[in-house]
Amino acid sequence: MTLMSLLVDFARTGRIGPLHCGMPLSEAEGLLGPGRPHPAIRLLGPDVDGYPYAWGGLELVVTRHSVSGL
């Protein structure tokens with residue numbers, strides 16, 4: 001799969017494989033394993049919004065414990 005086909009699929013469906021915006025962070029971590037939270041989350045606590053969780057090169061922006069950006 002090329003990057004362009006991945007981006008086209010995401011534009012059409014809002015999904016990258018089983019990942020999609022609006023899914024709970026716990027569901028994403030169930031699929032990917034525990035994420036590495038942004039340092040602001042570690043410092044301010046898990047209720048801080050808009051900072052990414054990372055899995056290698058993949059980052060998910062989390063807002064109110066749900067994925068708001070891929």
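This is a predicted model: local features need pLDDT of at least 70, side-chain atom pairs count only at pLDDT 80 or more; totals for chains, interfaces and linings use all residues.
Residues are numbered from 1 along each chain as its sequence is written, and side-chain values use heavy atoms, with hydrogens and water left out.

The mean pLDDT of the chain, where pLDDT is the predictor's confidence in each residue from 0 to 100, is 83, and 97% of the residues reach 70 or more. Among the elements, helix α3 (residues 39–44) has the lowest mean pLDDT, 76, while α2 has the highest, 90.

Three helices and six strands make up the elements of the chain, and from the N terminus on they run α-β-β-α-β-α-β-β-β. Helices (H or I, at least four residues) and strands (E, at least two) are DSSP runs, numbered from the N terminus. Along its principal axes, the C-alpha trace spans about 35 × 20 × 20 Å.

An open sheet is formed by four strands in the order β3-β4-β5-β6, with antiparallel pairing; its edge strands are β3 and β6 (66–69), each of which pairs on one side only. Two strands pair if DSSP finds at least two bridges between them, and the table sets out two of the pairings.

| Strand pair | Sense | Bridges |
|---|---|---|
| β3 (residues 36–37) and β4 | antiparallel | two bridges |
| β4 and β5 (residues 58–63) | antiparallel | five bridges |

Strand β4 (residues 51–55) is mostly covered, with four of its five residues buried, where buried means under 20% relative accessible area, exposed over 50% and partly exposed in between (1.4 Å probe, protein chains only). Within β4, Y53 stands opposite P37, and A54 has E59 of β5 as its bridge partner. The hairpin of β4 and β5 has two residues between the strands, and there G56 takes a positive phi near 60°.

Helix α2 (residues 25–32) lies across β4, β5 and β6 and runs at about 15° to β4; the axes are lines fitted to C-alpha atoms, for helices over the stretch in contact (heavy atoms within 4.5 Å), and angles run from 0 to 180 degrees between N-to-C directions.

For the chain as a whole, buried residues make up 27% of the 70 residues. Among contacts between residues at least 6 apart in sequence, 32% join residues at least 24 apart.
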